[in-house]
Amino acid sequence: MSVPQAEAQGSTAAAAVAGGRPAHRRARIGWILPLSLVLLWEGLTAVGVIDDRFFPPPSTIGIGAVRMVAEGDLLGDTLLTITRIAAGFVIGGILGYLTGLATGVFLTARRIVEPTLSAIYTVPKIALLPVFLTIFGFGEAPKIALVSLTVFFYVWIYTMEAVVQIPRGYRDAARSFRVTRRQELVHVVMPATLPSVFTGLRVAIAVAVLVTISSEYIVGGSGLGYLIFNSRALFKIEDAFVGIVVVAFLGYTLQLLVMRIGARVTRWHGSAPVATVRVNV
Amino acid sequence: MSEPEVRIRDLRVVYGDGRSGVDALGPLDLDVMRGQFVSVVGPSGCGKSTLARVLVGLAEPSAGSVVLAANERGSAMPSAIVFQDHAIFPWKTVLQNIAFGLTVSGVDHAQANARARSWVHRMGLTGFEDSYPSALSGGMQQRVGVARALAVEPDVLVMDEPFGSLDALLRDVLIEELLGLHQDLRCTVVFITHSLEEALVLSDRVVVLSARPGRILADRAVPFPRPRTLEVRDDPDFGSLRQDLWHLLRSQVDVGRSADERAAG
């Protein structure tokens, strides 16, 4: 058989261009807006348009962060928050993925659980915190359970929809080789759904941050959410802003991490997963 | 007289169930001899893809029987199929795609890879073993699809409009490649298409199906000697055979349309 080299190399070259330099340029463009806002904020406080007693300028927040790290409570609170997010993310993610696969693959399972899960899905999860406090008492359990539940729903729904939407052709191709159900799951269903699963995970990690901070805010005692709430109550506005900035960075970094892992394990996928965000806390 | 490789008797396929079922195909009788290349042409929706699906076990006959001689012989892979779209798995490399049928039927890893590799070379995909399909052109993707089906050494190769989504030039290239493959392998092929030209260039026999539910309207032997090239298109007999089949098909397109209009009205 002849080798149409030009045809083949042309297309790989095109693929390399599509995934190469422009992506970096896109990433750099993303820094322009936040940096401009920071500079604007700094400038407006310097000339007195913004009252720095309520909105301390970025430079003051930066100095505050250094002081808080030195005093030792900022890192501790950040670590606690990260641990809660991670624990909830792992538990909810695994359960959500397994439930998503099961309800995606088995129509009967989907029919049994879908109405119930959909009903719970629409309840703002933070509203369940009092219930969880009653069930689990104080301590880590209610917060982690709440984050797990939130993550569970996102991952479940994204996974289930991805399974349902696998083009029939892929399954037919596998079945034409007389595969077992297990082989179909491993070779088709699980890889085919990975891009959507990672989109779900990305949305889930963002919402996990939100839910963790909120529950810390409400329950109190420790974590970045408590730090923000408590500092504001004590009129340590600067400290509250430090907390807010750390949360923003945390959310950004965790999302980036999930996207990077997703891009790595779905290298075969043409484009990066794009989130169609449906936030429902 | 030897036994046919494919023996179809009184085959009917009905989609849906009971009174609301739609007759998709048949009743239909067809024998395909070992090593024969048979094309099945017919208007859209006549059930020719359904026939392909039945042959690889993706659809069940509602009535009648489909017997593959390979099944009786206890063959590991009596039939395999090449589809038009979504043929190959985007999450597997070229090599993994070609080795897929071997891997899932329990051939050990090293042997599956070795056999897949020989198909990589044969299909002119050398250097792309570890590429993902997204980096391949449409023509190369379809070569992977053909290699994946042939790698399991099926007794019957079923092809369901395999070149339908390729441009005309590329289609000609792949038709010539397929002629060469069939010349070498002498495999039994059931080739579904709506292109009379494809059918006549490739086949030993062309079977024309009626509008839905598909029944056999004509079953013509294609007289051109093998080995063949695309030049058979210039043969005067090619033109007259094509003309003849075209008239048959044409009448069916009108039948299908008026039936649809009746249903709509």
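How many salt bridges does the rule find across the interface of chain A and chain B? The rule finds one, and its partners are the side chains of A:Asp172 and B:Arg53. Please keep in mind that this is a predicted model.

**The interface of chain A and chain B**

- In the salt bridge between A:Asp172 and B:Arg53, the N to O distance is 2.6 Å. That value lies within the 4 Å cut-off, so the pair counts as a salt bridge.
- Three helices of chain A, namely α1 (5-19), α8 (168-175) and α9 (181-219), each supply at least two residues of the side that touches chain B.
- Of the elements on that side of chain A, α8(A) gives the most, with seven residues.
- By residue type, the side of chain A that touches chain B divides into 14 nonpolar, eight polar and six charged residues.
- Looking at both partners, 28 residues of chain A are in contact with 39 residues of chain B.
- The area buried between chain A and chain B comes to about 2,900 Å², and carbon and sulfur atoms give 66% of this area.
- Polar contacts are found here too: the count between chain A and chain B is six residue pairs, with both residues at pLDDT 80 or more.

**Aromatic pairs**

- Over all chains, a search of the whole structure finds 16 aromatic pairs.
- One of them joins A:Trp41 and A:Phe241 in an edge-to-face arrangement, with 5.7 Å centre to centre and 65° between the planes. The angle is over 60 degrees, which is why the pair counts as edge-to-face.
- This pair links distant parts of the chain, 200 residues apart: A:Trp41 sits in helix α2 (residues 21-46) of chain A, and A:Phe241 in helix α11 (residues 237-265) of chain A.
- Is A:Phe241 buried or exposed? A:Phe241 counts as buried because its relative accessibility is 15%, whereas A:Trp41 is partly exposed, with a relative accessible area of 24%. The cut-off for buried is under 20%.
- In chain B, B:Phe89 and B:Trp91 form a stacked pair, 5.5 Å centre to centre and with 25° between the planes. Both B:Phe89 and B:Trp91 are buried.

**A ring cluster with members from both chains**

- Which residues do ring pairs link into a cluster? From chain A come A:Tyr170, A:Phe177 and A:Trp268, and from chain B come B:Phe89, B:Trp91 and B:Phe100.

Conventions. Residues are numbered from 1 along each chain as its sequence is written. Chains are lettered from A and ligands numbered from 1 in the order in which they are written. This is a predicted model: local features need pLDDT of at least 70, side-chain atom pairs count only at pLDDT 80 or more; totals for chains, interfaces and linings use all residues. Side-chain values use heavy atoms; hydrogens and water are left out. Contact means heavy atoms within 4.5 Å. Buried area is the accessible area (1.4 Å probe) that two parts lose on being put together, summed over both. A polar contact is a pair of N or O atoms within 3.5 Å; within protein, one must be able to donate a hydrogen and the other to accept it, and residues adjacent in sequence count only if both atoms are side-chain atoms. Helices (H or I, at least four residues) and strands (E, at least two) are DSSP runs, numbered from the N terminus. Ala, Val, Leu, Ile, Met, Phe, Trp, Tyr, Cys and Pro count as nonpolar, Asp, Glu, Lys and Arg as charged, and the others, Gly among them, as polar. Rings of Phe, Tyr and Trp (its six-membered ring) pair if their centres lie within 6.5 Å; planes under 30 degrees apart count as stacked, over 60 as edge-to-face and the rest as tilted. Buried means under 20% relative accessible area, exposed over 50%, partly exposed in between (1.4 Å probe, protein chains only).
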